[in-house]
Amino acid sequence: MASLLAAVVRAKPITGFIVEDDPDKPQLARSIGLLHLTMLGVGATIGTGIFVALTTAVPEAGPAVTLSFVIAGITAALTALCYAELASAVPVAGSSYSYAYATLGELPAFLIGACLLLEYGVSCSAIAVGWGQYLNELFAITTGWHIPDALAKPPGSGGIFNLPAILLIGMCLILLLRGAKESATANTVLVFAKLAVLALFVGIAIAHFSADNFHPFAPKGMVGIGTAASSIFFSYIGIDAVSTAGEEVENPRRNLPLAIILSLLIVTAAYILVAIAAIGAQPWTAFAGQEAGLAVILHNLTGAAWPAVLLSLGAMASIFSVTLVVLYGQTRILYAMSRDGLLPKLFQRVDGRRGVPRQNSYIVAAGVALLAAIFPLDVLINLTSMGTLIAFAAVSIGVILLRRSRPDLPRGYRVPLYPILPILSAGFCLYLIVGLPQDTYALFAGWIAAACLIYFGYSIRRSALA
(Lines give C-alpha, C1' and ligand atoms only; values in the text may rest on other atoms or scores of the structure.)
Protein backbone atom coordinates (compact mmCIF):
# COMPACT_ATOMS: atom_id res chain seq x y z
CA MET A 1 0.00 0.00 0.00
CA ALA A 2 2.85 2.35 0.89
CA SER A 3 4.56 1.68 -2.44
CA LEU A 4 1.30 2.34 -4.32
CA LEU A 5 0.83 5.66 -2.53
CA ALA A 6 4.44 6.62 -3.26
CA ALA A 7 3.88 5.85 -6.94
CA VAL A 8 0.74 7.94 -7.40
CA VAL A 9 2.20 11.02 -5.66
CA ARG A 10 5.69 10.92 -7.17
CA ALA A 11 6.46 14.24 -8.84
CA LYS A 12 8.65 14.76 -11.87
CA PRO A 13 11.76 16.85 -11.03
CA ILE A 14 11.93 20.19 -12.80
CA THR A 15 15.30 19.20 -14.26
CA GLY A 16 13.59 16.21 -15.85
CA PHE A 17 11.61 18.57 -18.07
CA ILE A 18 14.62 20.59 -19.14
CA VAL A 19 17.27 17.96 -19.95
CA GLU A 20 15.30 15.31 -21.79
CA ASP A 21 16.27 16.36 -25.34
CA ASP A 22 18.02 13.51 -27.18
CA PRO A 23 20.13 14.63 -30.16
CA ASP A 24 19.71 11.19 -31.76
CA LYS A 25 15.91 11.49 -31.89
CA PRO A 26 13.75 13.90 -33.92
CA GLN A 27 12.59 16.79 -31.69
CA LEU A 28 9.88 19.43 -31.82
CA ALA A 29 11.40 22.51 -33.50
CA ARG A 30 11.54 25.95 -31.81
CA SER A 31 10.05 28.07 -34.59
CA ILE A 32 7.19 30.13 -33.04
CA GLY A 33 7.73 33.80 -32.13
CA LEU A 34 5.71 36.14 -29.89
CA LEU A 35 3.26 37.37 -32.56
CA HIS A 36 2.40 33.88 -33.80
CA LEU A 37 2.18 32.61 -30.21
CA THR A 38 -0.21 35.41 -29.19
CA MET A 39 -2.31 34.69 -32.26
CA LEU A 40 -2.40 31.00 -31.26
CA GLY A 41 -4.09 32.10 -28.03
CA VAL A 42 -6.51 34.43 -29.84
CA GLY A 43 -7.10 31.87 -32.56
CA ALA A 44 -7.98 29.14 -30.06
CA THR A 45 -10.32 31.43 -28.11
CA ILE A 46 -12.25 33.70 -30.46
CA GLY A 47 -14.48 31.29 -32.31
CA THR A 48 -17.32 29.15 -31.05
CA GLY A 49 -17.64 31.18 -27.85
CA ILE A 50 -18.89 34.21 -29.77
CA PHE A 51 -19.94 32.88 -33.19
CA VAL A 52 -21.96 29.90 -31.93
CA ALA A 53 -22.29 29.61 -28.14
CA LEU A 54 -23.75 33.12 -27.84
CA THR A 55 -27.06 31.70 -29.08
CA THR A 56 -27.10 29.17 -26.22
CA ALA A 57 -25.82 31.56 -23.53
CA VAL A 58 -28.19 34.51 -24.17
CA PRO A 59 -31.38 32.47 -23.51
CA GLU A 60 -29.86 31.41 -20.17
CA ALA A 61 -28.95 34.92 -18.91
CA GLY A 62 -30.77 37.41 -21.12
CA PRO A 63 -28.99 40.73 -21.75
CA ALA A 64 -27.00 40.04 -18.56
CA VAL A 65 -24.95 37.60 -20.64
CA THR A 66 -22.56 40.55 -20.87
CA LEU A 67 -21.94 40.04 -17.14
CA SER A 68 -21.47 36.31 -17.80
CA PHE A 69 -18.65 37.17 -20.19
CA VAL A 70 -17.17 39.50 -17.56
CA ILE A 71 -17.27 36.76 -14.89
CA ALA A 72 -15.74 34.23 -17.28
CA GLY A 73 -13.16 36.84 -18.30
CA ILE A 74 -12.18 37.62 -14.70
CA THR A 75 -11.78 33.91 -13.96
CA ALA A 76 -9.70 33.49 -17.12
CA ALA A 77 -7.60 36.57 -16.25
CA LEU A 78 -6.76 35.25 -12.78
CA THR A 79 -5.90 31.87 -14.24
CA ALA A 80 -3.86 33.47 -17.03
CA LEU A 81 -1.56 35.08 -14.47
CA CYS A 82 -1.03 31.66 -12.87
CA TYR A 83 -0.39 30.08 -16.27
CA ALA A 84 2.10 32.84 -17.08
CA GLU A 85 4.20 32.05 -13.98
CA LEU A 86 4.22 28.29 -14.50
CA ALA A 87 4.88 28.63 -18.23
CA SER A 88 7.91 30.82 -17.53
CA ALA A 89 9.21 28.37 -14.90
CA VAL A 90 8.51 25.11 -16.77
CA PRO A 91 8.55 26.05 -20.50
CA VAL A 92 7.73 22.62 -21.97
CA ALA A 93 5.01 20.88 -23.97
CA GLY A 94 2.00 19.57 -22.08
CA SER A 95 0.69 22.75 -20.42
CA SER A 96 -1.17 22.12 -17.15
CA TYR A 97 -0.46 18.37 -17.33
CA SER A 98 3.28 19.08 -17.12
CA TYR A 99 2.76 21.70 -14.40
CA ALA A 100 0.70 19.24 -12.35
CA TYR A 101 3.38 16.55 -12.77
CA ALA A 102 5.93 18.94 -11.29
CA THR A 103 3.74 20.03 -8.36
CA LEU A 104 0.85 17.65 -7.55
CA GLY A 105 2.26 14.22 -8.44
CA GLU A 106 1.80 11.53 -11.07
CA LEU A 107 -1.82 10.42 -10.59
CA PRO A 108 -3.16 13.99 -10.29
CA ALA A 109 -1.11 14.91 -13.38
CA PHE A 110 -2.52 11.94 -15.31
CA LEU A 111 -6.08 12.94 -14.37
CA ILE A 112 -5.34 16.56 -15.33
CA GLY A 113 -4.03 15.22 -18.63
CA ALA A 114 -7.30 13.31 -19.04
CA CYS A 115 -9.21 16.56 -18.36
CA LEU A 116 -7.12 18.32 -20.99
CA LEU A 117 -7.75 15.59 -23.54
CA LEU A 118 -11.46 15.90 -22.78
CA GLU A 119 -11.23 19.70 -22.94
CA TYR A 120 -9.39 19.75 -26.25
CA GLY A 121 -11.04 16.82 -27.97
CA VAL A 122 -14.59 17.69 -27.03
CA SER A 123 -14.16 21.44 -27.58
CA CYS A 124 -12.70 20.77 -31.02
CA SER A 125 -15.75 18.63 -31.79
CA ALA A 126 -18.11 21.36 -30.56
CA ILE A 127 -16.28 23.92 -32.66
CA ALA A 128 -16.52 21.73 -35.76
CA VAL A 129 -20.29 21.38 -35.26
CA GLY A 130 -20.58 25.18 -35.26
CA TRP A 131 -18.56 25.44 -38.48
CA GLY A 132 -21.17 23.37 -40.28
CA GLN A 133 -23.91 25.78 -39.16
CA TYR A 134 -22.18 28.76 -40.78
CA LEU A 135 -21.38 26.75 -43.93
CA ASN A 136 -25.09 25.97 -44.28
CA GLU A 137 -25.99 29.62 -43.71
CA LEU A 138 -23.52 30.64 -46.43
CA PHE A 139 -25.09 28.18 -48.89
CA ALA A 140 -28.61 29.36 -48.00
CA ILE A 141 -27.75 33.05 -48.57
CA THR A 142 -25.79 32.62 -51.80
CA THR A 143 -27.60 29.74 -53.54
CA GLY A 144 -30.81 29.08 -51.62
CA TRP A 145 -29.65 25.49 -51.09
CA HIS A 146 -28.50 23.92 -47.86
CA ILE A 147 -26.89 20.62 -46.89
CA PRO A 148 -29.61 18.08 -45.96
CA ASP A 149 -30.09 17.71 -42.20
CA ALA A 150 -29.19 14.03 -42.44
CA LEU A 151 -25.62 15.03 -43.47
CA ALA A 152 -25.34 18.32 -41.55
CA LYS A 153 -26.52 17.39 -38.04
CA PRO A 154 -25.59 14.69 -35.53
CA PRO A 155 -28.05 12.11 -34.14
CA GLY A 156 -30.28 13.71 -31.54
CA SER A 157 -30.39 16.96 -33.53
CA GLY A 158 -32.32 15.62 -36.52
CA GLY A 159 -29.49 14.09 -38.57
CA ILE A 160 -27.40 10.98 -39.12
CA PHE A 161 -23.89 12.43 -39.00
CA ASN A 162 -22.20 15.83 -39.39
CA LEU A 163 -20.31 15.75 -42.69
CA PRO A 164 -19.08 19.43 -42.64
CA ALA A 165 -17.43 18.84 -39.26
CA ILE A 166 -15.51 15.86 -40.65
CA LEU A 167 -14.36 17.89 -43.66
CA LEU A 168 -13.14 20.72 -41.42
CA ILE A 169 -11.06 18.39 -39.24
CA GLY A 170 -9.58 16.75 -42.33
CA MET A 171 -8.43 20.14 -43.68
CA CYS A 172 -6.86 21.06 -40.34
CA LEU A 173 -5.05 17.72 -40.21
CA ILE A 174 -3.46 18.36 -43.61
CA LEU A 175 -2.13 21.72 -42.40
CA LEU A 176 -0.87 20.35 -39.06
CA LEU A 177 1.14 17.66 -40.83
CA ARG A 178 3.06 20.37 -42.72
CA GLY A 179 4.67 21.67 -39.50
CA ALA A 180 4.16 23.93 -36.46
CA LYS A 181 5.51 27.12 -38.09
CA GLU A 182 3.30 26.73 -41.16
CA SER A 183 0.26 26.08 -38.96
CA ALA A 184 1.02 29.11 -36.77
CA THR A 185 1.44 31.36 -39.83
CA ALA A 186 -1.87 30.23 -41.34
CA ASN A 187 -3.56 30.75 -37.97
CA THR A 188 -2.22 34.32 -37.72
CA VAL A 189 -3.71 35.23 -41.11
CA LEU A 190 -7.06 33.71 -40.11
CA VAL A 191 -7.07 35.55 -36.76
CA PHE A 192 -6.65 38.96 -38.40
CA ALA A 193 -9.45 38.06 -40.84
CA LYS A 194 -11.89 37.14 -38.08
CA LEU A 195 -11.07 40.23 -36.00
CA ALA A 196 -11.87 42.34 -39.08
CA VAL A 197 -15.19 40.51 -39.56
CA LEU A 198 -16.14 40.95 -35.90
CA ALA A 199 -15.32 44.67 -36.20
CA LEU A 200 -17.68 44.81 -39.22
CA PHE A 201 -20.42 43.10 -37.19
CA VAL A 202 -20.00 45.51 -34.25
CA GLY A 203 -20.07 48.52 -36.56
CA ILE A 204 -23.31 47.48 -38.31
CA ALA A 205 -25.02 46.23 -35.14
CA ILE A 206 -24.20 49.39 -33.15
CA ALA A 207 -25.81 51.46 -35.92
CA HIS A 208 -29.08 49.59 -35.17
CA PHE A 209 -28.59 49.58 -31.39
CA SER A 210 -31.70 49.78 -29.19
CA ALA A 211 -31.40 50.20 -25.42
CA ASP A 212 -34.89 48.69 -25.05
CA ASN A 213 -33.39 45.28 -25.82
CA PHE A 214 -31.58 45.38 -22.48
CA HIS A 215 -34.84 45.42 -20.47
CA PRO A 216 -35.30 43.32 -18.43
CA PHE A 217 -31.55 43.08 -17.94
CA ALA A 218 -31.36 39.83 -15.93
CA PRO A 219 -34.68 37.99 -16.43
CA LYS A 220 -33.32 34.81 -14.83
CA GLY A 221 -31.31 36.45 -12.05
CA MET A 222 -27.83 35.49 -10.84
CA VAL A 223 -28.56 31.82 -11.45
CA GLY A 224 -28.93 32.48 -15.16
CA ILE A 225 -25.83 34.69 -15.25
CA GLY A 226 -23.75 32.01 -13.51
CA THR A 227 -25.09 29.22 -15.71
CA ALA A 228 -24.27 31.18 -18.88
CA ALA A 229 -20.78 32.01 -17.57
CA SER A 230 -20.17 28.31 -16.90
CA SER A 231 -21.34 27.24 -20.35
CA ILE A 232 -19.25 29.79 -22.28
CA PHE A 233 -16.09 29.33 -20.24
CA PHE A 234 -14.88 26.57 -22.56
CA SER A 235 -14.13 29.26 -25.13
CA TYR A 236 -11.21 30.48 -22.98
CA ILE A 237 -9.30 27.31 -23.81
CA GLY A 238 -6.78 29.47 -25.70
CA ILE A 239 -4.92 30.25 -22.47
CA ASP A 240 -4.01 26.59 -22.15
CA ALA A 241 -3.36 26.23 -25.88
CA VAL A 242 -0.56 28.81 -25.71
CA SER A 243 1.27 26.83 -23.04
CA THR A 244 1.09 23.56 -25.00
CA ALA A 245 3.60 25.10 -27.42
CA GLY A 246 6.30 25.43 -24.73
CA GLU A 247 8.92 23.39 -26.58
CA GLU A 248 8.34 25.07 -29.96
CA VAL A 249 8.58 28.71 -28.81
CA GLU A 250 11.56 31.00 -29.23
CA ASN A 251 12.70 32.48 -25.86
CA PRO A 252 9.87 30.71 -23.96
CA ARG A 253 10.51 32.25 -20.51
CA ARG A 254 9.71 35.68 -21.96
CA ASN A 255 7.29 34.92 -24.79
CA LEU A 256 4.98 32.40 -23.09
CA PRO A 257 3.75 34.68 -20.26
CA LEU A 258 3.53 37.69 -22.59
CA ALA A 259 1.48 35.78 -25.17
CA ILE A 260 -0.91 34.40 -22.54
CA ILE A 261 -1.69 37.83 -21.10
CA LEU A 262 -1.88 39.65 -24.46
CA SER A 263 -4.20 37.06 -26.01
CA LEU A 264 -6.54 37.20 -23.02
CA LEU A 265 -6.82 41.01 -23.19
CA ILE A 266 -7.65 40.91 -26.92
CA VAL A 267 -10.19 38.11 -26.51
CA THR A 268 -12.09 39.51 -23.53
CA ALA A 269 -12.47 42.93 -25.17
CA ALA A 270 -13.77 41.35 -28.39
CA TYR A 271 -16.25 39.08 -26.58
CA ILE A 272 -17.83 41.86 -24.53
CA LEU A 273 -18.08 44.27 -27.50
CA VAL A 274 -19.74 41.67 -29.74
CA ALA A 275 -22.17 40.56 -27.01
CA ILE A 276 -23.28 44.15 -26.31
CA ALA A 277 -23.68 44.90 -30.03
CA ALA A 278 -25.61 41.68 -30.72
CA ILE A 279 -28.11 42.16 -27.88
CA GLY A 280 -28.52 45.83 -28.73
CA ALA A 281 -29.44 44.85 -32.28
CA GLN A 282 -31.83 41.98 -31.50
CA PRO A 283 -34.16 41.14 -28.56
CA TRP A 284 -32.62 38.50 -26.31
CA THR A 285 -35.64 36.22 -26.76
CA ALA A 286 -34.79 35.84 -30.46
CA PHE A 287 -31.46 34.10 -29.81
CA ALA A 288 -32.87 30.71 -28.77
CA GLY A 289 -32.35 28.07 -31.44
CA GLN A 290 -30.81 30.59 -33.85
CA GLU A 291 -28.09 28.81 -35.81
CA ALA A 292 -25.28 30.91 -37.32
CA GLY A 293 -26.62 33.68 -35.09
CA LEU A 294 -24.36 36.61 -35.98
CA ALA A 295 -24.85 36.11 -39.72
CA VAL A 296 -28.63 35.92 -39.27
CA ILE A 297 -28.62 39.14 -37.21
CA LEU A 298 -26.75 41.02 -39.96
CA HIS A 299 -29.06 39.68 -42.64
CA ASN A 300 -32.13 40.75 -40.65
CA LEU A 301 -30.71 44.21 -39.90
CA THR A 302 -29.58 45.14 -43.40
CA GLY A 303 -31.89 43.11 -45.61
CA ALA A 304 -28.84 42.58 -47.81
CA ALA A 305 -26.93 39.36 -48.38
CA TRP A 306 -23.35 40.64 -48.49
CA PRO A 307 -22.87 41.45 -44.76
CA ALA A 308 -24.14 37.99 -43.79
CA VAL A 309 -21.95 36.39 -46.47
CA LEU A 310 -18.88 38.18 -45.11
CA LEU A 311 -19.84 37.26 -41.54
CA SER A 312 -20.34 33.61 -42.48
CA LEU A 313 -16.98 33.50 -44.26
CA GLY A 314 -15.33 35.19 -41.28
CA ALA A 315 -16.97 32.75 -38.88
CA MET A 316 -15.83 29.81 -40.95
CA ALA A 317 -12.26 31.16 -41.03
CA SER A 318 -12.46 31.83 -37.31
CA ILE A 319 -13.72 28.38 -36.42
CA PHE A 320 -11.13 26.83 -38.75
CA SER A 321 -8.34 28.56 -36.81
CA VAL A 322 -9.79 27.45 -33.45
CA THR A 323 -10.02 23.85 -34.65
CA LEU A 324 -6.47 24.01 -35.96
CA VAL A 325 -4.99 25.29 -32.69
CA VAL A 326 -7.03 22.95 -30.48
CA LEU A 327 -6.02 19.90 -32.53
CA TYR A 328 -2.42 21.10 -32.29
CA GLY A 329 -2.67 21.46 -28.50
CA GLN A 330 -4.16 18.00 -28.01
CA THR A 331 -1.39 16.31 -29.96
CA ARG A 332 1.25 18.07 -27.83
CA ILE A 333 -0.40 16.95 -24.57
CA LEU A 334 -0.46 13.34 -25.79
CA TYR A 335 3.18 13.78 -26.85
CA ALA A 336 4.18 14.90 -23.34
CA MET A 337 2.24 12.11 -21.60
CA SER A 338 3.71 9.50 -23.93
CA ARG A 339 7.24 10.78 -23.36
CA ASP A 340 6.70 10.35 -19.61
CA GLY A 341 5.72 6.71 -20.21
CA LEU A 342 2.08 7.19 -19.21
CA LEU A 343 0.74 6.50 -22.73
CA PRO A 344 2.04 4.28 -25.58
CA LYS A 345 5.21 5.40 -27.39
CA LEU A 346 3.26 5.84 -30.61
CA PHE A 347 2.16 9.31 -29.45
CA GLN A 348 5.74 10.64 -29.04
CA ARG A 349 7.11 9.64 -32.44
CA VAL A 350 8.17 12.77 -34.35
CA ASP A 351 8.53 12.96 -38.11
CA GLY A 352 12.20 13.72 -38.79
CA ARG A 353 11.52 15.94 -41.82
CA ARG A 354 8.56 18.02 -40.60
CA GLY A 355 9.22 17.90 -36.84
CA VAL A 356 5.59 16.97 -36.05
CA PRO A 357 4.06 13.94 -34.26
CA ARG A 358 2.48 12.41 -37.39
CA GLN A 359 0.77 9.25 -36.06
CA ASN A 360 -0.40 11.18 -33.02
CA SER A 361 -2.07 13.74 -35.31
CA TYR A 362 -3.90 11.08 -37.32
CA ILE A 363 -5.31 9.43 -34.17
CA VAL A 364 -6.44 12.74 -32.63
CA ALA A 365 -8.12 13.90 -35.85
CA ALA A 366 -9.98 10.59 -36.21
CA GLY A 367 -11.26 10.70 -32.62
CA VAL A 368 -12.36 14.32 -32.81
CA ALA A 369 -14.10 13.77 -36.16
CA LEU A 370 -16.06 10.87 -34.68
CA LEU A 371 -17.23 12.98 -31.72
CA ALA A 372 -18.20 15.90 -33.96
CA ALA A 373 -20.14 13.62 -36.29
CA ILE A 374 -22.42 12.05 -33.66
CA PHE A 375 -22.79 14.34 -30.61
CA PRO A 376 -25.02 17.46 -30.25
CA LEU A 377 -23.39 20.85 -29.59
CA ASP A 378 -24.84 21.58 -26.11
CA VAL A 379 -23.59 18.29 -24.62
CA LEU A 380 -20.09 18.95 -26.00
CA ILE A 381 -19.94 22.56 -24.72
CA ASN A 382 -20.69 21.71 -21.07
CA LEU A 383 -18.26 18.78 -21.00
CA THR A 384 -15.52 21.04 -22.36
CA SER A 385 -16.20 23.69 -19.73
CA MET A 386 -15.85 21.08 -16.98
CA GLY A 387 -12.48 19.86 -18.29
CA THR A 388 -11.23 23.42 -18.78
CA LEU A 389 -12.20 24.55 -15.27
CA ILE A 390 -10.61 21.52 -13.58
CA ALA A 391 -7.36 22.09 -15.46
CA PHE A 392 -7.37 25.83 -14.68
CA ALA A 393 -7.96 25.20 -10.96
CA ALA A 394 -5.04 22.76 -10.90
CA VAL A 395 -2.74 25.37 -12.43
CA SER A 396 -3.77 27.92 -9.78
CA ILE A 397 -3.00 25.46 -6.99
CA GLY A 398 0.23 24.47 -8.75
CA VAL A 399 1.58 28.03 -8.49
CA ILE A 400 1.28 27.90 -4.69
CA LEU A 401 2.85 24.44 -4.41
CA LEU A 402 5.78 25.28 -6.71
CA ARG A 403 6.48 28.53 -4.83
CA ARG A 404 6.73 26.47 -1.63
CA SER A 405 8.72 23.54 -3.02
CA ARG A 406 11.04 25.43 -5.41
CA PRO A 407 11.28 29.10 -4.35
CA ASP A 408 14.73 29.23 -6.00
CA LEU A 409 13.49 28.20 -9.45
CA PRO A 410 14.10 30.89 -12.14
CA ARG A 411 10.83 32.48 -13.23
CA GLY A 412 10.35 34.90 -16.10
CA TYR A 413 7.13 36.15 -14.47
CA ARG A 414 5.62 36.06 -10.96
CA VAL A 415 1.93 36.29 -10.06
CA PRO A 416 1.28 39.59 -8.23
CA LEU A 417 -0.47 39.64 -4.83
CA TYR A 418 0.62 36.05 -4.13
CA PRO A 419 -1.06 33.90 -2.74
CA ILE A 420 -4.33 35.89 -2.94
CA LEU A 421 -4.69 35.81 -6.74
CA PRO A 422 -4.05 32.03 -7.15
CA ILE A 423 -6.59 31.32 -4.38
CA LEU A 424 -9.14 33.64 -6.02
CA SER A 425 -8.51 31.96 -9.37
CA ALA A 426 -9.20 28.48 -7.94
CA GLY A 427 -12.29 29.85 -6.15
CA PHE A 428 -13.78 31.37 -9.33
CA CYS A 429 -13.19 28.07 -11.16
CA LEU A 430 -15.06 26.22 -8.41
CA TYR A 431 -17.95 28.72 -8.65
CA LEU A 432 -18.31 28.09 -12.38
CA ILE A 433 -18.07 24.30 -11.95
CA VAL A 434 -21.02 24.43 -9.54
CA GLY A 435 -23.11 26.13 -12.24
CA LEU A 436 -22.79 23.26 -14.75
CA PRO A 437 -25.76 20.91 -15.36
CA GLN A 438 -26.05 17.63 -13.41
CA ASP A 439 -25.73 15.41 -16.49
CA THR A 440 -22.32 16.98 -17.15
CA TYR A 441 -21.14 15.72 -13.74
CA ALA A 442 -22.25 12.18 -14.59
CA LEU A 443 -20.47 12.16 -17.96
CA PHE A 444 -17.35 13.69 -16.41
CA ALA A 445 -17.31 11.10 -13.60
CA GLY A 446 -17.44 8.34 -16.22
CA TRP A 447 -14.48 9.91 -18.03
CA ILE A 448 -12.38 10.16 -14.85
CA ALA A 449 -13.24 6.55 -13.92
CA ALA A 450 -12.01 5.42 -17.34
CA ALA A 451 -8.81 7.45 -16.87
CA CYS A 452 -8.18 5.77 -13.50
CA LEU A 453 -8.57 2.34 -15.09
CA ILE A 454 -5.98 3.24 -17.75
CA TYR A 455 -3.57 4.64 -15.16
CA PHE A 456 -3.69 1.70 -12.76
CA GLY A 457 -3.90 -0.87 -15.55
CA TYR A 458 -1.14 0.54 -17.79
CA SER A 459 0.55 3.80 -16.85
CA ILE A 460 1.66 3.23 -13.26
CA ARG A 461 4.03 0.40 -14.26
CA ARG A 462 5.36 1.99 -17.45
CA SER A 463 5.98 5.47 -16.06
CA ALA A 464 9.45 6.83 -16.74
CA LEU A 465 9.68 7.62 -13.01
CA ALA A 466 9.04 3.97 -12.08
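Me: Is leucine 138 buried or exposed?
Reply: The model is a predicted one. In it, leucine 138 lies in helix α8, which covers residues 106-143. Its relative accessible area is 12%, and the cut-off for buried is under 20%. Leucine 138 is therefore buried.

Me: What percentage of the contacts in the protein with a separation of 6 or more is accounted for by residues 24 or more positions apart?
Reply: A contact here means heavy atoms within 4.5 Å. Among contacts with a separation of 6 or more, the share from residues 24 or more positions apart is 83%.

Me: Which residues touch the most other members of the largest nonpolar core?
Reply: In soluble globular proteins, nonpolar side chains tend to be buried together. The largest nonpolar core in this model has 150 residues. Its largest share, 20 residues, comes from α8. The members that touch the most others are Phe201 and Leu294.

Me: Are α10 and α16 oblique or roughly parallel to each other?
Reply: Helix α10 spans residues 163-176 and helix α16 spans residues 306-339. They pack at an angle of about 60°, with their axes 9 Å apart. Roughly parallel needs an angle under 35 degrees, and roughly perpendicular begins at 65. The two helices are therefore oblique.

Me: How many nonpolar, polar and charged residues does the contact of α10 with α16 have?
Reply: The crossing of these two helices, α10 and α16, is right-handed. From α10 the contact takes Leu168, Ile169, Met171, Cys172, Leu175 and Leu176, and from α16 it takes Ile319, Phe320, Thr323, Leu324, Leu327 and Tyr328. By class, the contact of α10 with α16 has 11 nonpolar, 1 polar and no charged residues.

Me: Are α5 and α12 roughly parallel or roughly antiparallel to each other?
Reply: Helix α5, residues 54-61, packs with α12 at an angle of about 165°, and the axes are 7 Å apart. Angles over 145 degrees count as roughly antiparallel. α5 and α12 are therefore roughly antiparallel.

Me: How do the residues of the contact of α5 with α12 divide into nonpolar, polar and charged, and how many are there of each?
Reply: α5 passes α12 in a right-handed crossing. On the α5 side are Ala57, Glu60 and Ala61, which meet Gly224, Ile225, Thr227, Ala228, Ser231 and Ile232 of α12. The residues of this contact divide into 5 nonpolar, 3 polar and 1 charged.

Me: What is the omega of the peptide bond from histidine 215 to proline 216?
Reply: Proline 216 is placed in the loop between α11 (180-207) and α12 (221-232). Most residues other than glycine have a negative phi, and most peptide bonds are trans. The bond from histidine 215 to proline 216 is cis, and its omega is near -5°.

Me: What is the phi of leucine 417?
Reply: Leucine 417 is in the loop between α18 and α19. In that loop, too, is proline 419, and the peptide bond from tyrosine 418 to proline 419 is cis, with omega near 0°. At 60% relative accessibility, leucine 417 counts as exposed. Although leucine 417 is not a glycine, its phi is positive, at about 55°.

Me: Which residues does asparagine 360 touch, not counting residues up to four places away in sequence?
Reply: Asparagine 360 is found in helix α17, residues 358-374. Its relative accessible area is 0%, so asparagine 360 is buried. Apart from residues up to four places away in sequence, asparagine 360 touches Thr331, Leu334, Tyr335 and Phe347.

Me: How many Å apart in space are glycine 341 and serine 463, C-alpha to C-alpha?
Reply: Glycine 341 is in the loop between α16 and α17, and at 14% relative accessibility glycine 341 counts as buried. Not counting residues up to four places away in sequence, glycine 341 touches Tyr458, Ser459, Arg462, Ser463 and Ala464. Glycine 341 and serine 463 are 122 residues apart in sequence, while their C-alpha distance is 4.3 Å.

How values were computed
Residues are numbered from 1 along each chain as its sequence is written. This is a predicted model: local features need pLDDT of at least 70, side-chain atom pairs count only at pLDDT 80 or more; totals for chains, interfaces and linings use all residues. Side-chain values use heavy atoms; hydrogens and water are left out. Axes are lines fitted to C-alpha atoms, for helices over the stretch in contact, and angles run from 0 to 180 degrees between N-to-C directions. Helices (H or I, at least four residues) and strands (E, at least two) are DSSP runs, numbered from the N terminus. Angles under 35 degrees count as roughly parallel, over 145 as roughly antiparallel, 65 to 115 as roughly perpendicular and the rest as oblique. A crossing is left-handed if the near helix is turned anticlockwise from the far one by less than a right angle, and right-handed if clockwise. Ala, Val, Leu, Ile, Met, Phe, Trp, Tyr, Cys and Pro count as nonpolar, Asp, Glu, Lys and Arg as charged, and the others, Gly among them, as polar. Buried means under 20% relative accessible area, exposed over 50%, partly exposed in between (1.4 Å probe, protein chains only). A nonpolar core is a set of buried Ala, Val, Leu, Ile, Met, Phe, Trp, Tyr and Cys residues joined through side-chain atoms within 4.5 Å.
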